[in-house]
Amino acid sequence: MEYNCADSSVTLCRSCDLVISKRALPSGVRALCPRCHTTLYDTPYCSINGMLALCLTALIFFIPANLLPVLELHFLGSIRTTTTIEGAMAVANQGYWIVAIAVLVSAVIAPGLLLISVLTQILIIKYRLNVPFFREVLKRLLRFHELITQLSMLEIYMISIFISVFQLTDYTDIYLGMGTFCFAMLFLVTLFLQREYHIEHMWNIIDE
Amino acid sequence: MSKVSQKQQGKDLGLTLCPSCQQLSVYKKRHCSRCGSVLALRDDSSLQKSWALLITAAILLIPANIYPITIFTSQGQTRHDTIFTGITHLVDLNIIPIAIILFTASIAVPILKIVGLTIYLTAISFRLPISKKKLMIGFHIIEWIGRWSMLDLFVISITAALVNMGQLLDARPGPAATAFALVILLTQVAAKVLDTRLLWDRLESKDDSN
Ligand SMILES: [Zn+2]
């Protein structure tokens with residue numbers, strides 16, 4: 001049995017392959033698969049300018065969040081500080097480089113790549129989509145988007161900063177640094193950006 | 001849409017979703033017209049890959065729990081803490097909320113993931129009569145909570161960088177840290193590579209309604 005693919009009123013469930021007829025949805029509502037409850041689609045709407053603003057704000061916080069100390073330890077008159085990258089280096093120096101790579105990728109590299117990728121996508125869409133070279137770049141970025149999103153774990157790092165504070169207060173005095181503030185802002189802005197961003201909408205722009 | 005019956009699968013119509021951009025495509029075309037990815041109706045080898053990754057992760061879970069994950073020195077006294085004793089130590093210090101968070105992230109989640117994925121893969125491989133809907137809901141939960149296990153590794157890296165003052169106060173990771181990192185990585189990939197559509201093909205259709 002053959003099927004005409006131009007028919008966009010039908011879709012498949014990515015988890016269980018069920019054939020589903022698409023219906024128009026009110027905004028903010030998600031369609032779930034009736035058989036296995038996987039998210040199918042939602043009303044793809046995103047404001048390009050709003051995302052651009054969020055993306056630039058996030059990038060402004062990104063650099064101090066990674067370069068300024070996230071925690072300060074005061075112990076017998078001396079002060080120790082640590083940044084996210086120094087934390088990873090400290091474990092790497094003791095031979096635990098797999099742990100160091102995991103920390104670096106999920107707290108620094110993937111979030112950074114995510115922001116740069118979204119910024120590039122927005123700029124291409126906003127200014128010069130019609131050039132074949134840029135279309136190709138956009139396609140490649142969209143294909144890697146999901147992987148980068150999964151690798152990025154800002155929210156988990158945020159909570160681990162607070163857990164470290166609680167664990168160490170028994171032994172010594174701990175202070176939050178300026179980096180903590182920037183990191184928290186980076187986390188919040190990225191969270192809003194990811195709520196605005198819809199990959200299906202981005203793919204639809206390529207179709208047009 | 002009279003042609004589309006209730007329980008029809010894309011495979012029966014020669015249709016498939018593009019694995020990277022999720023566009024509906026006719027399988028015969030072999031490549032997605034939008035992004036150029038190779039199309040596949042099903043990935044049968046994904047079951048074997050997933051099993052291999054899962055078994056490796058299950059084996060690594062043993063060293064991850066037996067060996068110390070942190071080595072902490074305070075005023076000349078050194079403690080070697082495994083994941084479990086680290087958490088009981090927090091309970092002794094009366095930091096219960098943190099102990100609960102770390103217990104969930106470092107012990108409950110990895111074990112749940114490995115047990116859950118094992119049930120899931122066994123159900124597909126041996127066609128066990130378990131409700132597919134329940135299996136799928138479990139699978140979505142496993143995918144979502146898996147990344148929270150990274151918590152412990154982040155805490156270790158922050159503490160190790162901050163606390164190094166020789167005999168007075170010192171924290172460093174122990175051998176279990178690498179094993180634990182690999183357990184998280186492997187289980188995450190095992191869930192990722194699996195083609196979940198296989199579950200719905202392989203089990204008896206009578207379980208559909210469950
Ligand atoms: Zn489904």
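Predicted model: local features only at pLDDT ≥ 70, side-chain atom pairs only at ≥ 80, totals over all residues.

Reader: What makes the arrangement around the zinc ion tetrahedral?

Author: Four donors count as tetrahedral if all angles lie between 85 and 135 degrees. The 4 donor atoms here subtend angles of 104 to 117°, so the arrangement is tetrahedral. For reference, ideal angles for four tetrahedral donors are 109.5 degrees.

Reader: How do you know which protein atoms are donors of the zinc ion?

Author: A donor must be an N, O or S atom within 2.8 Å of this metal. The SG atoms of A:C13, A:C16, A:C33 and A:C36 lie 2.1 to 2.4 Å from the zinc ion, and therefore they meet that cut-off. Along the chain, these donors follow the spacing C-x2-C-x16-C-x2-C.

Reader: Why is the pair A:C13 and A:C33 said to tie together parts that are apart in sequence?

Author: A:C13 belongs to the loop between strand 1 (10-12) and strand 2 (19-21) of chain A, and A:C33 to the loop between strand 3 (30-32) and strand 4 (39-42) of chain A, so the pair joins parts 20 residues apart in sequence.

Reader: Why is the pairing of A:E146 and B:K192 called a salt bridge?

Author: The criterion is a Lys or Arg side-chain nitrogen within 4 Å of a carboxyl oxygen of Asp or Glu. The N to O distance for A:E146 and B:K192 is 3.9 Å, so the pair qualifies. This pair crosses between chains, from helix 4 (residues 132-151) of chain A to helix 6 (residues 176-193) of chain B. For A:E155 and B:R147 the N to O distance is 2.8 Å, and therefore that pair also qualifies.

Reader: How do you know what the two chains bury between them, and which atoms contribute?

Author: The accessible area lost on putting chain A and chain B together is about 6,400 Å², with 67% from carbon and sulfur atoms. In contact are 68 residues of chain A and 73 residues of chain B.

Terms used:
Residues numbered from 1 in each chain as written. Chains lettered and ligands numbered in written order. Heavy atoms only, no water. Contact = heavy atoms within 4.5 Å. Buried area = accessible area lost by both parts, 1.4 Å probe. Donors = N, O, S within 2.8 Å, 3.2 Å for Na, K, Ca; no water. Tetrahedral: all angles 85-135°; square planar, octahedral: opposite > 155°, others 65-115°. Helix = DSSP H or I, 4+ residues; strand = E, 2+ residues; numbered from the N terminus.
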